[in-house]
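Here is a short tour of a few local features, written for someone who likes to know the cut-offs. Please have the viewer ready.

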Amino acid sequence: MSKVKVSGVLKAVVKGRGGVKVDHRKNTAELEIVNMPAPKQVILPMSQHIGAPCTPTVKVGDTVSVGQVIGDSDKFISAPIHASVSGTVKAIGNVALPNGSVVQGVTIESDGEMRIHEDIKPPKVDTLEEFIKAVRDSGLVGLGGAGFPAHVKLNVPKDKKVDTLIINAAECEPYITVDYRECIENSWDILSGIHIIKDFLGINNVVIAIENNKPKAFEMLKRIADSDNYSGDAIKIMELESKYPQGAEKVMVLSATGRKVPPGKLPADVGCLLMNVTSVAYIAKYLKTGMPLVSRALTVDGSAIAEPKNVRVPLGTNISEIIEFCGGFKEEPHKIITGGPMMGLSIVSTDLPVSKSNNAILAFTEKDAALTKESACIRCGRCATACPMSLMPTVIVRHAKAGDAEAVEKAGVMVCMECGSCSYSCPAKKPLVQNMRAAKALVREAGAKK
Amino acid sequence: MIEIKNKLNVSASPHVKSPKTVTGIMLDVIIALCPALIASVFLFGPQALAVTAVCVGTCVLSEFVARKVMKRDNTICDLSAIVTGLLLAFNLPSTIPLWMAAVGSVVSIVVVKQFFGGIGQNFVNPALAGRIILLTSFPTAMATWAKPLSWKAEATTTASPLAAMYNEAGEFTAENLPSLTDMLIGNRAGCLGEVCAIALILGGLYLVIRKVISPAIPLAFVATVAVFMAVAGGFNMEYVAYQLLSGGLLIGAIFMATDYTTSPISLKGKIIFGIGCGLITSLIRFYGNLPEGVSFAIVIMNILVSHIERLTAPKPFGTKKEKKSKEVKSA
């Protein structure tokens, strides 16, 4: 059943359609991750993941230390929030997130000591249940940008058989290089993480997938895969053509196994488990140290940043402080985004906290931030050619503008993952992703009416 | 420290866009048409240049005026009117009175393009529709062919290869036809832009290399005509070659049938569209009263595009299998 080849460097089993050749701009690739000193204050939103938001478990005035749980939820699809600095809880109130939503947040004033909580110790993990619980306790969410709680992903339902673990090191978004740095700086943690997941979940096939524009990281990963005597030749490395969005879940499952994840289904439905490379390395670190997810590395870059860096910051650090740490702006920024330029969010102000799934902060000068003028669609079909999900964005958008929810749904709009390949390739500069989002809303609305 | 003084731009992702623009694409098409333009001036003299200038000028002017009258944004900067003008001129004989060329241009831009909403909205190729209107309005002027390379001396007229390739008994004969080499370089009667096969193929290659067009439509179109004529002509390869090189087949297949607005988007659709064009062209040429059928073939297929599109829409990712298994069950 599995199409995964046995040894050597794998090539994609099936070359996915669509995608776009985006300028890589990995300017920070050779910059080691540096630690940012503890900020004076952090704001920790209670929702840094997909799923139910947490409720604060501390009160104003409480003294907290690094790694202490400050927010949790009894819902399964959720991940606890931990204090990222030691100090005093100054406020609990509403905070804005980069996407514009407002959630509860805990503000901690740092005492500058970064005192570690006394309960922090390596967890005892012998069974699968204990492993899943440990991952939940760590607060880990997908560090690639989606922010899906890792323990939910690892808790594969009994009726589904996962035979392939795919480690996503594609990092196909331009600018971002933190996963790349992880491969170079922490490759052994990646290997231990792979062993842990593989053994607890009983998976025999592991594919580490990376794009071919990262030869150094590829060499490091190949070395760990080759030197691994422990699991025979179960761990293989797959070199992908560097093409956006190779790192997208469904695209990668297709490349690695030739299987297509049906609409509305998960990789587990076709026997695959897909994990971001940094998340995997983090699991290994957590089992060694017991330190919950309280910091993360992110790439700070873009034409307006004075000193682009890869920097590890405590979660909840204010974006403006991180930019200051990177030398501030060298030119006035006209657009700032969190995440990559293809799927990231443009923010209205730098006065926002960094959350778990935030892998980059990019600031652009006036020239690079110019909003493009839209012209009429010439039906060239570039959007349809670029769509990795075989959709026809121009057709869907036309139906959506006519308010035809049924036709929009039939055209498969719900399969759209908003990767941005269509908007990127459109010569008329149509905001197709935005239109696709509106089309999805139209379908949801029509569904709600029924 | 530089501060943020202005409000930050906020827009939906993606925040980077490909450098390709509509204007850039149209410019590529204009560049691709240049070899054929140079060839036509060389073959038919200043008259070819005059016809082209009138068509391009009238197209741009009527686009400008039409948009102004309709109180819409000025769109002449996207260069599409220049492309339409060039293509219309290329589909006219060099001997055509200039006022007729101007009439054709106005029809193309105002009636076919702007009445339906401008660029991207026309349901048939504007240049072809303009040509067809002229063909039906002024049949004699549209079928008076100057003898190539005769412009320096006193101009003489001649018959087009498509009209001259049959003898009185209706059988194919190469007797009255230019040699195949002449057919390739354009030393034959015909519309000013359609004669030089080499220049057209060169332009087509440029468009394919620049990824402006996919080769699917031209290949399907030409291959269909070739197969049809091979079968119908009793596998006389000389006959097939003359069929492929005469009339407007190459300019039609490379530049007119590949018009984005009036051709399908998916590869499957493009192939069906190309085969349809080839088939109708062949049927008109072989059985019809008209010697040439490329324009009509493309326009007829233009009208069918929305249906082809509906039938060939790609299945959204991950839904193919379900469909297949259903088909197996029903079978």
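Buried means under 20% relative accessible area, exposed over 50%, and partly exposed in between (1.4 Å probe, protein chains only). By that scale B:Phe123 is partly exposed, at 40%.

This is a predicted model, where local features need pLDDT of at least 70, side-chain atom pairs count only at pLDDT 80 or more, and totals for chains, interfaces and linings use all residues. Residues are numbered from 1 along each chain as its sequence is written, chains are lettered from A and ligands numbered from 1 in the order in which they are written, and side-chain values use heavy atoms, leaving out hydrogens and water.

**Helix α10 of chain B**

This helix (a DSSP run of H or I, at least four residues, numbered from the N terminus) spans residues 237–245. Its buried residues include B:Tyr239, B:Tyr242 and B:Leu245. The buried residues of α10(B) pack against several helices of chain B, among them α8 (197–209) and α12 (267–287). Just after the helix, B:Gly247 has a positive phi of about 65 degrees.

**Cysteines**

With a disulfide taken as a pair of cysteine sulfur atoms within 2.5 Å, the whole structure has 0 of them over all chains.

| Cysteine | Nearest cysteine sulfur | Distance |
|---|---|---|
| A:Cys383 | A:Cys380 | 6.5 Å |
| B:Cys191 | B:Cys55 | 11 Å |

A:Cys383 is buried at 7% relative accessible area, and B:Cys191 is buried at 2%.

Notes
Helices (H or I, at least four residues) and strands (E, at least two) are DSSP runs, numbered from the N terminus. Contact means heavy atoms within 4.5 Å.
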